[in-house]
Amino acid sequence: MRKLYWGAVLALMLTGCDAPREQVTLYGRDAVPENLSAWHVVEAIDGELALNDRVVPYDLNTALFTDYAHKLRTVWMPEGASAAYGEDDFEYPVGTIISKTFYYPRGEDGSVLRTDDYSNDFAGAGLNLRNVRLLETRVLVKREDGWQALPYVWNEQQTDAVLEIAGDAQRLQLVSADGSAEQFAYVVPDANQCAGCHADNHTRKAIRPIGPRARHLNKDYAYQEGSENQLLYWQQVGYLSGLPELASVPHNADYKDASVALEERARSYLDINCGHCHNPSGAADTSGLMLHHGEADMRRLGICKPPVAAGTGSGNRLFAIVPGSPEKSILNFRVESTDPGAMMPELGRSLVHDEGVELLSEWIASIPGNCS
């Protein structure tokens, strides 16, 4: 008892007169709060977007492109609960809360920055609100009957985010390192659009997480206490059970890592950006184009594959992938387009991902053969 008493005294001494922060609060499906702060997962506190106790940040080997936005991803599970390992999917416990906050480094005069540099973003495990502009936080909550997707949009004061089931759109100016600027509309998807991507099984239509899977999480993360493989860390903190030897766990490549084979990087990029729809049970299953990580049939992957239906989406090109000729490939046409009737992915971007286009072009140019 004395040990507990003095522990409480020490905690008060360290925190001064501040009231202790409320614990993460789990709300029912029909009683979700209007404000993100009511969950107490991530909150704007004293100039920081702070993570609560037992809220664990994570990252992906290759991430979905969203108009060059930076992302802070977190996971929280109820005390004593853990996800069960699966090679393709984890079985997350009821009550799991996954959050993804989209933001940009701040530029001048209200602009935002296009940069891969995250070094000035963080304050501890959270974000430094003096250096970043928050746009939205998407919340996935595991219920007894499946996952629920909730989009929250940050206010201008950067003090809280409000539930916007209908989504949102904001006009932004994106400034590159060379000083060039581009105007674009950053779009927050509505709740149904969230389900459109996260329901990667078109038959069941049940939504589930896309990013926090073994092959995407199998990498080191710079935690406050030191760098550690994320899967091992989740196991250590009690968030993952049944993890096999790390050497047997699948691992997607970092698409930017030039030391990795070009095809591996391109396949990893297609997997995270396209595979949630282009898989045998996904929303794009009728296209016959399979871009998920496990596809081994080169024809189904798009090599010399004609489109199921021609039109604006094909750009009048004949095959999904023409070996050696990205300029003749439908895949390139669609990732280079910003036309809503042609671009891929259909949701989540208004801009062209120049680096992704370059990677896919380089890969397709390297593929031997022809479609004659």
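The protein chain has 8 helices and 17 strands. Both are DSSP runs numbered from the N terminus: helices are H or I over at least four residues, strands are E over at least two. The model is predicted, so local features need pLDDT of at least 70 and side-chain atom pairs count only at pLDDT 80 or more, while totals for chains, interfaces and linings use all residues. Residues are numbered from 1 along each chain as its sequence is written, and side-chain values use heavy atoms, with hydrogens and water left out.

Confidence comes next. pLDDT is the predictor's confidence in each residue, on a scale from 0 to 100. The protein chain averages 90, and 90% of the residues score at least 70. Residues 1-17 are another matter: pLDDT stays under 50 there. For that stretch the model has 0 contacts beyond four places in sequence. A contact means heavy atoms within 4.5 Å. Where pLDDT is low, the predicted coordinates should not be read in detail.

Now the fold as a whole. Among contacts in the protein chain with a separation of 6 or more, 57% join residues 24 or more positions apart. Of the 372 residues, 49% are buried. Buried means under 20% relative accessible area, exposed means over 50%, and partly exposed lies in between, using a 1.4 Å probe and protein chains only.

Empty space is the next topic. Rolling a probe the size of a water molecule over the atoms shows where empty space is left. The search uses a 1 Å grid over the protein atoms alone. A cavity is a set of points where a 1.4 Å probe fits but cannot get out. A pocket is an open set with protein on both sides within 12 Å along at least five of seven lines. Lining residues have an atom within 4 Å of a point. Grid points are joined across faces, edges and corners, and a volume is the space filled by probe spheres set on the points.

The second largest pocket holds about 630 Å³ of space. It is lined by 27 residues, and the closest to its centre are Asp59, Ala63, Asp116, Tyr118 and Lys256. Strand β4 (residues 70-76) gives the largest share of this lining, 4 residues. By class, the lining splits into 13 nonpolar, 6 polar and 8 charged residues. Here Ala, Val, Leu, Ile, Met, Phe, Trp, Tyr, Cys and Pro count as nonpolar, Asp, Glu, Lys and Arg as charged, and the others, Gly among them, as polar.

The structure holds 1 cavity of 30 Å³ or more. The space in the largest cavity is about 90 Å³. Its lining includes Phe65, Tyr269, Asn273, Cys274, Met344, Pro345 and Val357. Helix α5 (residues 262-274) contributes the most to this lining, with 3 residues. The lining has 7 nonpolar, 2 polar and 1 charged residues.

Pro345 sits in the loop between α7 and α8. Most residues other than glycine have a negative phi, and most peptide bonds are trans. His40 has a positive phi, near 65 degrees. It lies in the loop between α1 (2-15) and β1 (42-45). His40 is buried, because its relative accessible area is 10%. Cys304 also has a positive phi, near 55 degrees.

That cysteine leads to the disulfide. A disulfide is a covalent bond between the sulfur atoms of two cysteines. The rule used here asks for a pair of cysteine sulfur atoms within 2.5 Å, and the count comes to 1. Cys304 is joined to Cys371, S to S 2.1 Å. The link of Cys304 and Cys371 is left-handed, with -90 degrees about the S-S bond. It ties distant parts of the chain, 67 residues apart: Cys304 is in the loop between α6 (298-301) and α7 (330-336), and Cys371 is in the segment after α8 (354-366). Cys304 counts as buried because its relative accessibility is 13%. Cys371, at 21%, is partly exposed. Cys274 is in no disulfide; the nearest cysteine sulfur, that of Cys277, is 8.7 Å away. Cys274 is buried, with a relative accessible area of 9%.

Finish in helix α7, the place of Phe333. At 23% relative accessibility, Phe333 is partly exposed. Beyond four places in sequence, Phe333 touches Thr312, Gly313, Ser314, Gly315, Arg317 and Ala342. Phe333 and Val357 are 24 residues apart in sequence, with 9.5 Å from C-alpha to C-alpha.
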